[in-house]
Amino acid sequence: EGRAQDPRSQTEDLGDNQMKANEYGLKNLKRVMQNIEKWTAQPDGQYEDLSTIFGACRQQYQRYANHVLRYLSGKYTNNAPGQQPYDIVPKALQKEALQWMDRYVMEAPLWLYPQSIVDKLGTDYIEEIRSRQQTVIASLLAPNAIMNLYNASLQSPKSYPVEEYLDDVFAMVWKPLNDSNEQMNNFRRQQQRSYVDFLGTALNPASAAPTTLTLLTSLTSTTNTSIAQRSDAILYIEQHLDKVENYLKAQQSDGINALHYKNLLLRIKKIREKYESGK
């Protein structure tokens, strides 16, 4: 692992496209999960081998996701003579990375957690999936990530425009809560709560972060956040909050989903009040 933000310099990197390579990797991982109990069977109901290999599979899945995430707001480091030291990751590859994250992370990977295994090992897979999805959202909406994209848009026609990027991230999270599996709706509601909270942290970085936002601290330093506050990038974040608010106001729902949308609108109202008072 090396070269800072360069997605071409990563462990296990044997190809020129992490999205394609890791899609093949996931297919192999799914084969392992289909046979894991048979391949790790032990006498007398022991599960040590199952626990070890199950943990390794989840770690490998996370490794694949981290490799893809490096494409977003990343840049290439060039060492060849006569080349400019840095270049941006082309928009097409960044969009491909977002699509990968949508399919394989934000769509909860329940295949990775067969019920028979989590029952035997007592794995809290619900919290594990939520935490992973929150980490992705925190990374995608981090002020320094938006600032990097904005700065790139001022320098290169190959850049990923900030507004287009935020629209694509929005489409990944803000989907109808009408899945026949209520568990999937629960994951989506948590994603949407995290989304609003992370936008709030971007606009009000000096505020005390709620427990659900602690992941953001490890992803964005105070220095980067304060720099982003002085950049035009923060204006895009403020504008994006408008988009989220308008989406919520347009939703027609009942039951727990109606309460969910109402709660998010209240959170946005508090974010705006704090942001306006701090100007």
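Is Thr123 buried or exposed? With a relative accessibility of 16%, Thr123 counts as buried, where buried means under 20% relative accessible area, exposed over 50% and partly exposed in between (1.4 Å probe, protein chains only). The model is a predicted one, in which local features need pLDDT of at least 70 and side-chain atom pairs count only at pLDDT 80 or more, while totals for chains, interfaces and linings use all residues. Residues are numbered from 1 along each chain as its sequence is written, and side-chain values use heavy atoms, with hydrogens and water left out.

The protein contains twelve helices and two strands; helices (H or I, at least four residues) and strands (E, at least two) are DSSP runs, numbered from the N terminus. Along the sequence, the elements follow the pattern α-α-β-β-α-α-α-α-α-α-α-α-α-α. Of the 279 residues in the protein, 45% are buried. Contact is defined as heavy atoms within 4.5 Å. Among contacts between residues at least 6 apart in sequence, 73% join residues at least 24 apart.

Helix 1 spans residues 18-39 and has a kink of about 35 degrees centred on Met33, the bend at a residue being the angle between axes fitted to the seven residues ending there and the seven starting there. Met33 is also one of the buried residues of helix 1, which include Gln18, Met19, Asn22 and Gly25. The cover over these buried residues includes helix 2 (48-69), helix 3 (91-106) and helix 4 (115-121). At the start of helix 1, the backbone nitrogen of Met19 has a side-chain oxygen of Asn17 within 2.9 Å.

Two loop residues stand out by their backbone angles. Most residues other than glycine have a negative phi. Asp44, which is not a glycine, has a positive phi of about 65 degrees. Asp44 is placed in the loop between helix 1 and helix 2 and is exposed, its relative accessible area being 74%. Ser73, also a residue other than glycine, has a positive phi near 60 degrees. The loop that holds Ser73 runs between helix 2 and strand 1 (75-77), and Ser73 is buried at a relative accessible area of 13%.

Thr123 lies in the loop between helix 4 and helix 5 (125-141). Apart from neighbours within four places in sequence, Thr123 is in contact with Phe54, Arg58, Val118 and Glu128. A charge sits over a ring if NZ of Lys or CZ of Arg is within 6 Å of the ring centre and within 35 degrees of the ring normal. Lys243 has its charged end over the ring of Phe170, at 4.8 Å from the centre.

Phe170 belongs to an aromatic cluster together with Trp174, Tyr195 and Tyr247. Rings of Phe, Tyr and Trp (its six-membered ring) pair if their centres lie within 6.5 Å; planes under 30 degrees apart count as stacked, over 60 as edge-to-face and the rest as tilted. The count by this rule is ten aromatic pairs. The ring centres of Trp174 and Tyr195 are 5.5 Å apart and the planes are at 85 degrees, so this pair is edge-to-face. The pair links distant parts of the chain, 21 residues apart, with Trp174 in the loop between helix 7 (162-173) and helix 8 (182-203) and Tyr195 in helix 8. Trp174 is buried at 5% relative accessibility, and Tyr195 is buried at 0%.

A nonpolar core is a set of buried Ala, Val, Leu, Ile, Met, Phe, Trp, Tyr and Cys residues joined through side-chain atoms within 4.5 Å. The largest such core has 71 residues, and those touching the most other members include Trp174, Tyr195 and Val244. Not counting residues up to four places away in sequence, Val244 touches Phe170, Trp174, Tyr195, Val196, Leu199 and Ile268.

Helix 8 also holds Arg189, which is buried with a relative accessible area of 4%. Beyond neighbours within four places in sequence, the contacts of Arg189 are Leu177, Glu182, Ile256, Asn257 and His260. Gln190 lies in helix 8 as well and counts as buried at 15% relative accessibility. With neighbours within four places set aside, Gln190 is in contact with Arg130 and Gln134.

Note on methods:
A polar contact is a pair of N or O atoms within 3.5 Å; within protein, one must be able to donate a hydrogen and the other to accept it, and residues adjacent in sequence count only if both atoms are side-chain atoms.
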